[in-house]
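Please look through the model shown here with its sequence.

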Amino acid sequence: MSEKFRLDKGGLINRNKKISFKFNGKKYFGYEGDTLASALIANGVHLVGRSFKYHRPRGFFGAGVDEPYAIVQMTRNNEVDPNVRATEQELFEGLEAKSVNCWPNVDFDIGAINNFLGKFFPAGFYYKTFMWPKSFWYKVYEPIIRKAAGFGAASIKHDKEKYEHKYEYCDLLITGSGPSGLASAYAAAQNGAKVILAEDKSRFGGSLLTSEVTIGNQSGQEWAEKIISELKSMPNVVIKNRSQVFGYYDHNMLVMSERISDHLPKTEKYIPKQRLWYIRAKEVIISSGSIERPLVFGNNDTPGVMLSSAAKEYLKIYGVLVGKKPLVFTNNDSGYETAIEFKKNGIDPIVLDTRKDPNSEIIKEAKDLNINIKPSHVVVAAKGYKKVNSADIGKISDDKKNISNIENIKCDCICVSGFWTPTIHLASQSGNKTKFNEEIDAFIPSKSKQKETTLGSANGIFTLEETLKTSFKKGNELSKQITNKENKVSIPSVVEKKYSNHDKFWCVPLPEGKNYKRFLDFQNDVAVSDIQLALREGYRSIEHVKRYTTLGMATDQGRTSNLNGLQLVSDIENKVVPQVGHTTFRPPYSPVSIGAIVGREIGKHSKPTRKSPMHYWHKKNNAVFVDAGVWLRPRYYKQGNENLFEASKREARNVRQNVGVCDVTTLGKIDIKGPDAAELLNRVYTNAWLKLPVGKARYGVMLREDGIVMDDGTTTRISENHYHMTTTTAQAANVLSHLEYYLQLVWPELNVNVVSSTEQWAGAAIAGPKSRDVLQKLFPDLDVSNEGLPFMGYMEGNLFGVNAKIFRISFSGELAYEINVESDNGNFMWEKIMDIGKDFNIQPYGTEALSTLRIEMGHVAGSELDGRTIPYDNSLEGLISKKKDFIGKRSLSKLAYVAPDRQKVVGVVPLDKKTSIPEGSYIVKDAKAKLPNPKLGHVSASCWSVEYDNPFSLAIIKDGKNMIGQKLFALSPLKNKTIPVEIVSSHYVDPKGERVRS
Amino acid sequence: MLHIKCPHCGLRSQNEFSYGGDATVKRPELNKEVSDKDWDNFVYLRKSPVGKHLELWQHISGCRQWIKVERDTLTHEIFKTLKANEEV
């Protein structure tokens, strides 16, 4: 298909490189340097989608980030990209895109029936229509609304593309490379400041690319090119295109998304698709320019109605005509620039100017070119359904209330200009108190909260001369303060046309008897009548009107709709706009892909994975791993066809009968040194620590100030002023912070140092009746008899040339030892243990067997110390010292904590000795009681007791002390189980603790 | 993201720190009688002021020191940062 709307010459596209692409299954051609939008328009395609609510036909309205309509679903290298703006997507070979929000296709869309049912979909129709009957919401309304809502469809596949994050610091961050951005960047760079210049489009230069101006002796475009190439050669300048600064956060932190590969057919190897920059800038210059404002008239959403600046951009940058019979509808001089461009390219436009006697330099130029200008004229309504084919125009009275002489004239596009709206989003995000500028009918930044300055048309300055002057000056000033260097540049002379004042008219009244829809928000289908209705129904605050009507809530953040909406509200309310105020701008300025936000932190990269030095031995020996915090721990070692249950039973039984070895490297370890170390321990643990002799370990429990158990573990006195503390795997980091808090802030007088030594030591627990035999063979020179190394004893040894710490402590309830060696020697130690243990039937055991062993012994762990229990609840009251004070002690006398029926840990055995009790089950007295059945407590941990070969659980239940021997029920509504149980002592095996001392 | 000047390390991003609450709360001395009310105030009750707030942060991914930060809770302005043993 030939490009009927492409000019033979002109534009910045590369005409030597033809590119083929597909839209809605049909093949088209464009050129390198096109956007999807410009290439489609060149091919005469104006129908690209359907609107959100009424499914009205949608075309192109803008030429960049301002576009509210042209959202497409893209396929790139077999990956789906939803909600891509066609005006921003650069063309590449093989691009495939299709329309969204239409079914079965964009030409014939069944949803368009909404357009004729429009009176049933006024503002707030969700709230009014779907309220009754209530039960219908979940079953009927919501599923239908969900299906109808939204534009593109996200892929459910894993995104194969790579995204990355980058942190950067700079003196000046400049957002936008138009005249103000270039001038301020250049001035700052000359002073040696570290500058980042970000441009969201592929081409640098902003308005200079499309305006007819002279700077020095060059055209605006040439001047921009020169400045850019100079900036690019400077080592202190980073200059980025396709990069949108979308968020302004606290302390001058800004976030920018750089689209590195979106314009290429596929992402190159080792290159990310997009990169998110977190930039901390000493100063920020906002040079984001301005966006043309629409004029509001009947059917102003018809494809072919677009911003006059966009029409000019398609002409000047892409060599594309948006129509061959253009109508320009304007209230200011900007429309004439577009008209003149048409004329220069052999097309005769008609200009409708709302002003009575428009007169200025550029209007004179238009007149000299014989352009047909109709003053005091407006478009009443666009005609045509899928594309404009004519317009009803009329003469407007001087008071702008009445329209006369309505006639229909043929046209194929209507280019509208309702003056300019500064892009103040970033300034507003930064906390800037914006103010209303009467002269331009728009808000501009005012008092800064952070270190930001807005320049150029974003600041309401619309002449190039003034923009360059202020921007060179600001760039110089701000950088000078930072670098203390000044290298002044001279400000070039400027030739530009003088503008006359714009007309403050923006909304064409409805002619008598006509009921045209006049749209304000093109993406969310909010019409003038919707705002009127909202105000009639009593909504006053602009924030409420916004939420009720969804005005400005679409993905374009109301870039083209906000101000017209405010004007309308202020007109109806008889207030001035500044009293109405604008709604809050929030990041992101334009949509950012989830992939870019997530970056590389996906899957296994979302958190670090910590592995013990013995990890690869475990792996080689068929360990099945489990995540324990960030650690990977063997859950069980699979033999043959065993499942988890069988393997863990075998491993646990072997510990009870022979000897097992478990990797306990993950336990938190803290090295404590200093003359006051014992005093510190005495204050953080609930039991007494001052008299612990050197070479002895002690079990301790520490509380939070509110009396809740924080952690438990053993601490060993290595030498006079040196202790080795262990914590649980999960609480290791918290315990260290806790100790540091008290040492640094509460008791700075204590002379103690603490440091994490978790990673310095590899640990192996050897447990079982034969563990002493294994230990003796590992350390033949040591006396490891019950007398030589008693329970809770400690000694140091030499393990075949490697220094080792030996602790006689037990988590399994069996005779057990823990050996620590320096991490590098961990694997050596493990292999020695396995080798020597062979004669004693040693087997490695994982966390599942470890749990089984501790549960049937009644040792409390994380599932009981769950941040909600006090020592008594865990039967740890024997560890509470009555003689000394410690952290949290005062809380233990709270009434609830000393209640006679206080909850306590107990053992639970099913009466049938067969049915396992799901963890989390409720314990109740009466299984058939009416709901809600009063619960006594919950099952915290379950196992299969290898000692008795039946299920056993721990539970924390009310008045647990007096419940022993009672027959109750365990209820698991989730698993739909009711299990009759007997409450027993939590110490199910070896209640007197004889084995650990044997 | 806040930019916090650690008195030991210099300006660092907020993600290196963890928040530690009101820095003006004093723990009752050990081994001293404390009324229920005073103890409850110490454990549970905190003010939530609008404006200046002296608070604790720990430079957890840095020097691990607890520091005091005087911050405006409304604007996030940081007026000064202090070492643990310094007073405003």
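The model is predicted, so local features need pLDDT of at least 70 and side-chain atom pairs count only at pLDDT 80 or more, while totals for chains, interfaces and linings use all residues; side-chain values use heavy atoms, with hydrogens and water left out. Residues are numbered from 1 along each chain as its sequence is written, and chains are lettered from A and ligands numbered from 1 in the order in which they are written.

Chain A holds an open sheet of five strands in the order 17-24-18-19-20, with parallel pairing. Helices (H or I, at least four residues) and strands (E, at least two) are DSSP runs numbered from the N terminus, and two strands pair if DSSP finds at least two bridges between them. Strand 17 (305–307) and strand 20 (372–375) of chain A each have a single partner strand, so one side of each is left without a neighbour in the sheet. From one strand to the next the twist averages 20 degrees; axes are lines fitted to C-alpha atoms, for helices over the stretch in contact, and angles run from 0 to 180 degrees between N-to-C directions.

Strand 19 (residues 350–353) of chain A is joined to strand 20 of chain A by four bridges, the two running parallel. Within this pair, A:D353 stands opposite A:P375. Helix 8 (residues 334–344) of chain A packs on the sheet and touches strands 18, 19, 20 and 24 of chain A. Its direction makes about 165 degrees with that of strand 18 of chain A.

At the interface, 29 residues of chain A are in contact (heavy atoms within 4.5 Å) with 27 residues of chain B. The two chains bury about 2,400 Å² between them, 51% of it on carbon and sulfur atoms; this is the accessible area (1.4 Å probe) lost on being put together, summed over both. In chain A, A:H251, A:Q744 and A:R890 lose the most area to chain B.

Three salt bridges (a side-chain nitrogen of Lys or Arg within 4 Å of a carboxyl oxygen of Asp or Glu) are counted between chain A and chain B. A:E740 and B:R64 meet in a salt bridge at 2.8 Å, N to O. Helix 20 (732–746) of chain A is one of the elements that supply at least two residues of the side touching chain B, and gives the most to that side, with nine residues.

Over all chains the count comes to 68 salt bridges. Within chain A, A:R58 and A:D525 meet at 2.6 Å, N to O. A:R58 lies in strand 4 and A:D525 in the loop between strands 30 and 31 of chain A, so the pair ties together parts that are 467 residues apart in sequence.
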